[in-house]
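Subject: Structure for you to look at

Hello,

Please find the structure below, with notes on what was found in it. Keep it open while you read.

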Amino acid sequence: KIAAFVVVGKKPLSEGMHVIAAHVDSVRIDLKQTPLYADGNMAMLETHYYGGVKRYQWLSQPLQLRGVVIRKDGKRVDVAIGDDPGEPVLVIPDIAVHMSSYVDRKEGEEVLGESLDPIVASMPSRKKGADPYAVEATRLIEKELGISIGDLAASELSLVPAAEVRDVGLDRAIVGGYGQDDRACAYAALWALWDAVSYTH
């Protein structure tokens, strides 16, 4: 969650100190602890967003699911689905483009944060009983993640863009990728620390 580095100087602390802080967390959409529900012949995951998300930018975009789940037996399960080109991605559905002008005059600006829920499955289970879409999603979650649906209560799972980091511009002078703005600041701060250590030693 946090890393702290200290360069010990020669003067007493009463004469002052310099503090440099940088963070690497980025805007994201987090899963709630009991996220699974069925709606409109699909299984969805309830979410809440973190940071200054422009909600309309997350619609109909391929998203990967990343994070950690602690199972009831105490085992840690690292989750990363959607990063590899051969893996499925999750998508927050949007209305068809040719219909959007009828329901959204501001081109997505009115998207509610509560509606940023991705599709996790859209095929029904053949088993009878509870909602067939939720049943099938439960089976897939347990199969693909190696957890029980109840284990999600002890999880930290987030949706982030499923896109590779790329060079931007013909001169390749800019890095284009999710979270690069904050991480660039942390990278610069860390190199400043290393340089300071090298200079003083």
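Asn41 is exposed, with 53% relative accessible area; exposed means over 50%, buried means under 20%, and partly exposed is in between, using a 1.4 Å probe and protein chains only. Asn41 sits in the loop between S1 and strand S2 (42-50). Helices (H or I, at least four residues) and strands (E, at least two) are DSSP runs, numbered from the N terminus. Asn41 is not a glycine, yet its phi is positive, at about 60°. Most residues other than glycine have a negative phi. Ser60 also has a positive phi without being a glycine, here about 55°. Ser60 belongs to the loop between S2 and strand S3 (63-70), and it counts as partly exposed because its relative accessibility is 43%.

This is a predicted model, in which local features need pLDDT of at least 70 and side-chain atom pairs count only at pLDDT 80 or more, while totals for chains, interfaces and linings use all residues. Residues are numbered from 1 along each chain as its sequence is written, and side-chain values use heavy atoms, with hydrogens and water left out.

The whole chain

The protein chain has three helices and eight strands. Read from the N terminus, the order of elements is β-β-β-β-α-β-α-β-β-β-α. Of the 201 residues in the protein chain, 25% are buried. A contact means heavy atoms within 4.5 Å. Taking contacts between residues at least 6 apart in sequence, 65% join residues at least 24 apart.

Strand S6

How many of the seven residues of strand S6 are buried? Five are, so strand S6 (residues 155-161) is mostly covered. Two strands pair if DSSP finds at least two bridges between them. S6 pairs with S3 in the antiparallel sense over seven bridges, and Gln64 stands opposite Val160 in S6. S1 and S6 also run antiparallel, joined by two bridges, with Asp30 opposite Ser158 in S6.

Two residues and their contacts

Ser26 lies in the segment before strand S1 (28-39). Is Ser26 buried or exposed? Ser26 is buried, because its relative accessible area is 6%. Not counting residues up to four places away in sequence, Ser26 touches Tyr50, Tyr178, Gly179, Asp182 and Arg183.

Glu142 is in helix H2 (residues 132-145) and is partly exposed, at 33% relative accessibility. Leaving aside neighbours within four places in sequence, Glu142 is in contact with Ile147, Ser148 and Ile149. A polar atom of the Glu142 side chain lies 3.3 Å from the backbone nitrogen of Ile149.

A surface patch

Which residues form a nonpolar patch on the surface? They are Phe5, Tyr187, Leu190, Trp191 and Trp194, with about 560 Å² of accessible area together. Like charges are joined within 9 Å, and nonpolar side chains (Val, Leu, Ile, Met, Phe, Trp, Tyr) within 5 Å. Phe5 is found in the segment before S1 and is exposed, with a relative accessible area of 52%.

Regards

Definitions and conventions
A polar contact is a pair of N or O atoms within 3.5 Å; within protein, one must be able to donate a hydrogen and the other to accept it, and residues adjacent in sequence count only if both atoms are side-chain atoms. Patches are made of residues with over 30% relative accessible area and no salt bridge: like charges are joined within 9 Å, nonpolar side chains (Val, Leu, Ile, Met, Phe, Trp, Tyr) within 5 Å. Accessible areas come from the Shrake-Rupley method with a 1.4 Å probe; for residues, only the protein chains shown count as cover. A salt bridge is a side-chain nitrogen of Lys or Arg within 4 Å of a carboxyl oxygen of Asp or Glu.
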